[in-house]
Amino acid sequence: MRVLGVDPGLTRCGVGVVEGVAGRPLRMLGVGVIRTGADAAAADRLVLIERGIEEWLDAHRPEFVAVERVFSQHNVRTVMGTAQASAVAMLCAARRGLPVALHTPSEVKAAVTGSGRADKAQVGSMVTRLLRLDAPPKPADAADALALAICHIWRAPAANRLQQAVAAHRTTSPARTPSPAPPSSPARPTTPARTPGGARTTKGRTS
């Protein structure tokens, strides 16, 4: 499995390619950062990010693209730029028919370090150890991109088994049909009331 991890950002967009399968040593094929100038227009910066991601897709031909899921922060401007860069990465992958997976930062940290609250230094250290690198990738955005790719490689088999189990359950479970309503009891015929003397009474007269 070959995965392109993308740590979205408008100023620095981390990218990293990892190849391997769960349970076996992984191999890094490339890592880097797509940079854009803060003084450029947002639309132009997104074009640069698109071109950069397309170059990585052309160079490494990944089978999957893993993107960090954007979460709410106090800085709305930062969130907007991150979300826009994330959308560009998803667009580039979808244009080529590549599956896209979104992973939250806590999911990535837990997968790589064992703790969803690990800091960037811990993530970089574990990425270095798992990929047998000489030093942690710099800047941290590059290490985060590799961590995303590692997370997807390790989590994908379990997610696929879960999806297959759900699909199998839906196809094998018999469809529920409504239970037939119980037959209604026939209406009992009414009989005229009798007076104590045995005479039948009707409305308005007595016989």
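Visitor: In which helix does Asp141 lie?

Guide: Helices (H or I, at least four residues) and strands (E, at least two) are DSSP runs, numbered from the N terminus. Asp141 belongs to helix α5, residues 140-172. Residues are numbered from 1 along each chain as its sequence is written. This is a predicted model, in which local features need pLDDT of at least 70, side-chain atom pairs count only at pLDDT 80 or more, and totals for chains, interfaces and linings use all residues, while side-chain values use heavy atoms, with hydrogens and water left out.

Visitor: Is Asp141 buried or exposed?

Guide: Buried means under 20% relative accessible area, exposed over 50%, and partly exposed in between (1.4 Å probe, protein chains only). Asp141, with a relative accessible area of 14%, is buried.

Visitor: Which side chain does Asp141 join through a polar contact?

Guide: A polar contact is a pair of N or O atoms within 3.5 Å; within protein, one must be able to donate a hydrogen and the other to accept it, and residues adjacent in sequence count only if both atoms are side-chain atoms. The side chain of Asp141 is joined to that of Arg12 at 2.9 Å.

Visitor: Which residues does the UniProt annotation "active site" cover?

Guide: UniProt positions are given in the numbering used here, feature names are shortened, and annotations may be inferred rather than shown by experiment. In the unreviewed UniProt entry, "active site" covers Asp7, Glu68 and Asp141. No two of their C-alpha atoms are more than 11.0 Å apart although they span 135 residues in sequence, so they gather at one spot. Glu68, found in strand β4 (residues 64-68), is buried at 16% relative accessible area.
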